[in-house]
Amino acid sequence: MAECRRLSIFSGMSDLVPSFSLRIPSDDSVARRVCDHCGFVAYENPKIVVGSVVRFEDRILLCRRAIEPGRGRWTIPAGYLELNETPDAGARREAFEEAGARIATERLLAVYSVPRISQVQLIYRARLLDPALAAGPESLELMLVRPEDIPWDDLAFPSVHWALRHDAEAEAGAPPVPFGNPEGETGERMPDGRVIAEDAL
């Protein structure tokens, strides 16, 4: 598209309409979206999600989602990493946006992959610096919950289950090596066996 833009600027072609075809570029082995005008390859890469299991004393921060997918269900603060942002800064930003939470990230807890939706999730352990919270536009409500009171049946996504369980293991003294997907799990179903809808993130 860069060549197309230059062509548009220097030749006066202001009505150039983007057109892509799915084909295998000459130096590749995978079908890609290739510009029919200039040959630009529009690579599509996995999305990176960043988030954190946030603790305050003996409690964990949970957010009830105000948006789909999973509206009305509980999750940890998390969302997409922005351009030019480090993962730990992204996790801090998401906690503030979703819960008004000022946090200190402590270490990387886990790296999860959800190939169904082409996501890689980086989840941190974090400390809440100030218990004053305020639900952001993506949260219906917030709670600081003791581990024994986590609403397991009302969690939004498989990876939220994984993160909370892995955080409990870390709290119990597991070595500070990032966890990964539980064996055989790819995020296609909830722990109770429910299959995640195709359009759910």
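## Helix H3

Helices here are DSSP runs of H or I with at least four residues, strands are runs of E with at least two, and both are numbered from the N terminus. Keep in mind that this is a predicted model, where local features need pLDDT of at least 70, side-chain atom pairs count only at pLDDT 80 or more, and totals for chains, interfaces and linings use all residues. Residues are numbered from 1 along each chain as its sequence is written, and side-chain values use heavy atoms, with hydrogens and water left out.

H3 itself covers residues 158–171, and its 14 residues reach 20 Å from first C-alpha to last, close to the expected 20 Å (1.5 Å times one less than the number of residues). Because 10 of those 14 residues are buried, H3 is largely enclosed by the rest of the structure. Buried means under 20% relative accessible area, with exposed being over 50% and partly exposed in between (1.4 Å probe, protein chains only). Among the buried ones are Trp162, His166 and Asp167. The buried residues of H3 pack against strands S4 (47–56), S5 (59–65), S6 (74–75), S8 (103–114) and S9 (119–128), where contact means heavy atoms within 4.5 Å.

## Helix H2

H2 runs over residues 87–99, so to speak a 13-residue helix, and it reaches 18 Å between its end C-alphas, close to the 18 Å expected. Its buried residues are Gly90, Ala91, Arg93, Glu94, Ala95, Glu98 and Ala99. They pack against S4, S5, S7 (78–80), S8, S9 and S10 (139–145). Just past H2 sits Gly100, with a positive phi of about 60°.

## A three-strand sheet

Now for some strands. An open sheet is made of 3 strands in the order S1-S2-S3, with antiparallel pairing (two strands pair if DSSP finds at least two bridges between them). S1 (20–23) and S3 (41–42) stand at the edges with a single partner strand each, so one side of each has no neighbour in the sheet. S1 and S2 (residues 32–35) pair over 4 bridges, and Arg23 stands opposite Arg32 in S2.

## Pockets

The largest pocket has a volume of about 480 Å³. On a 1 Å grid over the protein atoms alone, a pocket is an open set of points with protein on both sides within 12 Å along at least five of seven lines, while a cavity is a set where a 1.4 Å probe fits but cannot get out; lining residues have an atom within 4 Å of a point. Points are joined across faces, edges and corners, and a volume is the space filled by probe spheres set on them.

Of the 27 residues lining the largest pocket, Val49, Arg65, Ala78, Gln119 and Phe157 lie nearest its centre. H3 gives the most to this lining, with 4 residues. The second largest pocket holds about 210 Å³, and its lining includes Asn45, Lys47, Tyr80 and Glu82.

## The cavity

There is 1 cavity of 30 Å³ or more, and the largest cavity has a volume of about 30 Å³. Cys63, Arg64, Arg65, Thr75, Glu98, Glu138 and Ser139 line it, with S5 giving the most, 3 residues.
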